Amino acid sequence: MIYAVAKRRDMGSIARLFVESFAERLGHAGARLPAPVLIEQALRLFYDADPRSFLVAQQGPDIAGYAFAPHPRSALWRAAVVRGHALRWLWQWPVIWRPAGLSPLRLMITVQGQGRIPAVLWRSRDPGEARLLLAAVRPDLRGQGVGTNLVRHALAAWRHRGVARVRLPIPVDDEGARRLLLKAGFREAAEGRGLRRWSVMEREL
Amino acid sequence: MRLLPWRRRAPSVPPTHGEAFEGFRADHGGADPSAGERAVVSPAVPWQPLVVEKGQRWLVVAPHCDDEILGAGGLLHRAAQLGCPVRVVLLTNGDGYNRTALRGQSRRWRLTPAQYIEFARVRQKETLAALEVLGISRAQVVFCGYPDRGLAAMWEDHWDYHKPYRSRFTRATRSPYDNSRTPGAVFCGESVVRDLEEIVREFRPTHVVLPHPHDTHGDHWAGCCFTLYALERLRLRGRLPVGGPVALQYLVHQGLWPQPRGLRPRLAMVPPKPYAHIPLAWASLDLPRESVDHKLRALLCYRTQMVFMRRYLLSFVRRNELFSLFSLLPVPWVDDGAILVDGESYDWEGIGGVVLDPRSHMLTRRVGRSADIRAAAACRDKHNLYLRLELRHRAVNDYLYGISLHGVGRGGHGHETRQRLRIGLQVPDRVRIRGEGGWQPSGEIVVRAQRSQLEVGIPLSLLGWPERVFMSVETRFRGLVMDRVAWQVLDFVGEGREG
């Protein structure tokens with residue numbers, strides 16, 4: 001298993017893994033994911049905004065897992081406008097995104113919250129605080145420490161890029177994520193306002 | 001015969017290594033070469049004396065006729081004096097020569113293969129005469145008869161018997177000399193290694209003197225690689241004594257070194273200046289006056305070479321001979337998955353560079369700064385080898401960054417595994433492997449570049465789970481080699497290995 005920063009070419013494999021990992025969970029919550037090709041386009045937007053936010057675990061030529069850990073100051077709007085993503089999104093919005101009630105950014109946040117949108121937005125006032133971390137591993141390779149390694153690398157990369165603190169809202173009943181984050185050195189923060197169904201895991205870097 | 005201008009000499013005070021080293025430091029241009037400070041400064045270049053003793057068995061491998069005298073003439077004389085068994089192996093006969101050496105004997109611009117072969121015989125005779133001067137008989141000399149200026153190609157491209165190298169001088173693919181060790185030896189890497197293996201097994205040396213991997217001449221560094229490879233294969237088969245023979249490497253071609261040129265028998269030979277920053281262990285053999293005298297007389301036997309590079313050849317006659325001790329470079333182990341291939345160095349803390357490139361050519365310093373490799377670091381986990389290359393300037397698309405790896409390991413059923421891997425990298429993310437049918441894309445090798453750092457993750461299964469890896473890195477601009485890091489032997493068995 002080789003851990004690396006993703007290339008733009010990897011977005012297709014990551015989108016497939018994304019759908020594979022989250023479609024079922026979101027189905028339980030009553031939401032529906034857009035087609036993989038649209039997810040790939042959404043991921044490309046994030047890649048263009050912050051190319052070093054995607055980490056992949058590669059086994060042979062295949063992608064076995066990925067982590068998405070954007071820097072809190074990633075230039076999302078600039079990438080959307082300059083790289084033409086906004087135009088494409090506008091074009092697709094009435095037909096695809098509006099019925100699903102999603103936007104690319106909302107899609108990522110929704111996935112983190114298992115179909116729900118946390119009260120804490122992923123962008124905080126504090127530029128040194130990261131709030132969004134997604135990781136998924138291919139089902140046949142789970143339980144071998146791949147996810148832990150990806151999260152560890154994401155934290156190290158954040159630290160290297162000047163992020164001081166990570167606060168991640170996770171649903172109260174998401175035991176898998178809680179275990180993974182506790183293993184990675186997170187601790188549960190005191191509950192804030194409007195966070196009844198969420199618990200916040202935090203860690204100083 | 002009195003050839004050397006010995007006039008005054010301090011009675012029986014041999015030059016100490018500290019002195020030689022201080023000369024080196026002062027020469028090197030230290031900021032403040034005050035005497036007091038120089039006495040205190042500990043040598044940055046590890047420098048130890050070499051002693052020839054009775055009971056040692058010396059094997060000297062030279063790529064061309066005359067290199068054995070340049071690199072180890074004094075040593076051979078000392079060994080012969082003490083009655084040590086000596087074997088001199090000449091890999092090529094030096095048939096691809098400078099035509100000045102003919103001294104107008106032929107008027108043709110293009111010489112025929114027969115003329116080249118005839119010239120090689122002349123050089124062989126010179127070698128025998130020169131070694132006779134040092135007290136080494138004809139029976140102790142082995143000519144292998146491989147093609148001049150072809151060893152590098154044989155090491156890199158022409159390894160198998162079915163794909164021999166064709167000499168550009170003699171136009172032969174097999175040795176055309178009747179006195180070669182293996183008559184009609186095929187010009188391929190496998191054949192050279194087999195010859196060297198047999199010689200080592202027959203002679204059982206305690207010390208092997210071989211060319212230096214940092215030598216700029218292709219025959220020299222390839223000769224070094226072949227010898228080390230043969231020793232490695234014998235070690236894997238359990239044919240070498242524990243510890244193996246001591247390997248000493250001599251430098252011949254390295255820029256303008258040795259300076260000053262010309263006959264300076266009272267000066268000490270010191271390593272080239274940029275090598276002060278490289279952790280090489282140097283050993284110096286002090287030569288008594290008699291040995292220096294004999295070395296000079298032996299060198300003068302090479303008339304064909306003296307014609308066009310007299311001053312250069314004579315500058316190797318010094319009061320000592322310099323060798324660097326070969327050592328394996330251990331590859332540090334890291335936890336599984338501890339390295340993120342991202343071109344950043346923060347996860348490489350504590351992992352030093354295994355290979356440093358001292359050379360910075362005029363070309364790469366001025367024009368192609370992105371082609372200049374400054375250092376390479378390596379580490380491994382259970383499944384992968386990670387390499388990090390540090391360039392002088394940011395990696396650019398114009399250059400092909402090539403990594404050559406030859407893995408040697410122990411396979412099942414007492415066989416050894418050999419896997420040769422040539423990787424071509426082009427930023428941003430083009431990775432190709434050189435296979436039988438040319439370059440093919442590879443998805444298993446992961447490369448990321450960030451500014452002047454290039455990071456590579458290579459699955460060890462591609463190298464056949466090796467114990468030792470021969471590694472070299474080079475940059476090419478449209479086929480032209482811009483910079484090359486000397487071949488190194490990486491040791492994969494070490495701390496952290498399971499079982």
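## A covered strand in chain B

Strand E2 of chain B, residues 58-62, is mostly covered, with five of its five residues buried. This is a predicted model.

In a regular strand, side chains alternate between the two faces of the sheet. Both faces of E2(B) are covered. On one side sit B:Trp58, B:Val60 and B:Ala62. On the other sit B:Leu59 and B:Val61. E2(B) runs parallel to strand E3 (residues 86-92) of chain B, and five bridges join the two. Within this pairing, B:Val60 stands opposite B:Val88 of E3(B).

## Chain B overall

Chain B holds 10 helices and 21 strands. It has 499 residues, and 45% of them are buried. Take the contacts in chain B with a separation of 6 or more: 74% of them link residues 24 or more positions apart.

## Two helices that cross

Two packed helices are described by the angle between their axes and the distance between the axes. In chain B, helix H3 (residues 67-82) and helix H8 (residues 289-300) have axes that come within 9 Å and cross at roughly 130°. That angle makes H3(B) oblique to H8(B). The crossing is right-handed.

From H3(B), the contact uses B:Ile69, B:Gly73, B:Gly74, B:His77 and B:Arg78. From H8(B), it uses B:Ser291, B:Val292, B:His294, B:Lys295, B:Ala298 and B:Leu299. By class, four residues of this contact are nonpolar, five are polar and two are charged.

## Where chain A meets chain B

Chain A gives 16 residues to the contact and chain B gives 15. On the side of chain A that touches chain B, three elements each supply at least two residues: strand E1 (2-5), strand E2 (54-59) and helix H6 (146-160). H6(A) gives the largest share, five residues. The chain A side divides into nine nonpolar, five polar and two charged residues.

Strands also pair across the two chains. E1(A) and strand E10 (residues 340-341) of chain B pair in the parallel sense over two bridges. There, A:Tyr3 stands opposite B:Leu340 of E10(B).

## A tryptophan in chain A

A:Trp93 lies in helix H4 (residues 85-100) of chain A. A residue counts as buried at 20 or more and as exposed at 12 or fewer. A:Ser103 is 10 residues from A:Trp93 along the chain, and their C-alpha atoms are separated by 8.3 Å.

Terms used. Residues numbered from 1 in each chain as written. Chains lettered and ligands numbered in written order. Predicted model: local features only at pLDDT ≥ 70, side-chain atom pairs only at ≥ 80, totals over all residues. Helix = DSSP H or I, 4+ residues; strand = E, 2+ residues; numbered from the N terminus. Buried ≥ 20, exposed ≤ 12 C-beta atoms within 10 Å, placed from the backbone. Contact = placed C-beta atoms within 7 Å. Axes fitted to C-alpha atoms, helices over the stretch in contact; angles between N-to-C directions. Parallel < 35°, antiparallel > 145°, perpendicular 65-115°, else oblique. Left-handed = near helix turned anticlockwise from the far one by under 90°. Nonpolar A, V, L, I, M, F, W, Y, C, P; charged D, E, K, R; others polar. Pairing = 2+ DSSP bridges.
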